Amino acid sequence: MRPAMTFRTSAKSADPVSEQREGDFVCQLIGIQPELRAFIGHLLPIVDARADALQEVNLLLWKKRESFEPGTSFKNWAFTCARFVVMSRQKKARRDRRLVFSDELIERLAEEFEQADPSMEERLPALRRCLEKVPETERRLLLDRYSEHGAVTRHSERSGRSAAALRAMLFRLRIALRKCVERELQNHPLSP
């Protein structure tokens, strides 16, 4: 007979202040996932490597959580860690003779991303509302297109429609989504 599994709590986790700080950290980590995913996607040329990089960044952030100073920008701290992970992955890819960006280009892309529209996170709810209005099959095509390499080809094979027809549909959907987001933002203005 196997003994029952027991979980030990350290003295650290019994401390309410530590638990609160850890809970706050988890909330911030969860909240920044869409931006972190977009940031990593902006820096990595290989689509298939992005999910693994995000997991690696999340693991690094968790391991280094004690070094985060409350009251400072969690986003800046997380993006800095993400840069280091991406650069490390790029060095390994360079050794394996795979397609990589130079460290200078990664830095430039990171700065460009960080200086981009600061209200992006406020626009996400509008985009989500608009995506809910798109029919399921078209929404799946849109989402797959930006999360999987070769999604248009796979959708073409499954649906019997040409890849060119699906790309034209994606083009029209993106225009419709942009207009919908603009309308949503007019109806629900961003906070100042």
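A crossing of two helices is termed right-handed if the near helix is turned clockwise from the far one by less than a right angle. In the predicted model described here, the crossing of helix 3 and helix 5 is right-handed. Helix 3 (residues 33–43) packs against helix 5 (residues 74–95) at an angle of about 35 degrees, and the two axes lie 10 Å apart. Helix 3 contributes Glu-35, Leu-36, Phe-39, Ile-40 and Leu-43 to the contact, while helix 5 contributes Lys-75, Ala-78, Phe-79, Ala-82, Arg-83 and Val-86. Classified by residue type, this contact comprises eight nonpolar and three charged residues, with no polar ones.

In helix 9 (residues 151–159), the buried residues are Ala-151, Val-152, His-155 and Ser-156. Viewed down the axis of helix 9, these buried residues fall within an arc of 135 degrees and therefore line one face of the helix. The face of helix 9 turned away from the buried side carries Glu-157 and Arg-158, both exposed. Gly-160, which follows helix 9, has a positive phi, near 80 degrees.

The structure contains one disulfide, in which Cys-130 is joined to Cys-180 with an S to S distance of 2.1 Å. The link between Cys-130 and Cys-180 is left-handed, with -90 degrees about the S-S bond. Because Cys-130 belongs to helix 7 (residues 120–133) and Cys-180 to helix 10 (residues 163–187), the pair ties together parts that are 50 residues apart in sequence. Cys-130 and Cys-180 are both buried. As for other cysteines, Cys-81 counts as buried because its relative accessibility is 7%, whereas Cys-27, at 56% relative accessibility, counts as exposed.

Note on methods
Residues numbered from 1 in each chain as written. Predicted model: local features only at pLDDT ≥ 70, side-chain atom pairs only at ≥ 80, totals over all residues. Heavy atoms only, no water. Axes fitted to C-alpha atoms, helices over the stretch in contact; angles between N-to-C directions. Helix = DSSP H or I, 4+ residues; strand = E, 2+ residues; numbered from the N terminus. Contact = heavy atoms within 4.5 Å. Nonpolar A, V, L, I, M, F, W, Y, C, P; charged D, E, K, R; others polar. Buried < 20%, exposed > 50% of the residue type's maximum accessible area, 1.4 Å probe, protein only. Arc of directions from axis to C-beta. Disulfide = S-S within 2.5 Å.
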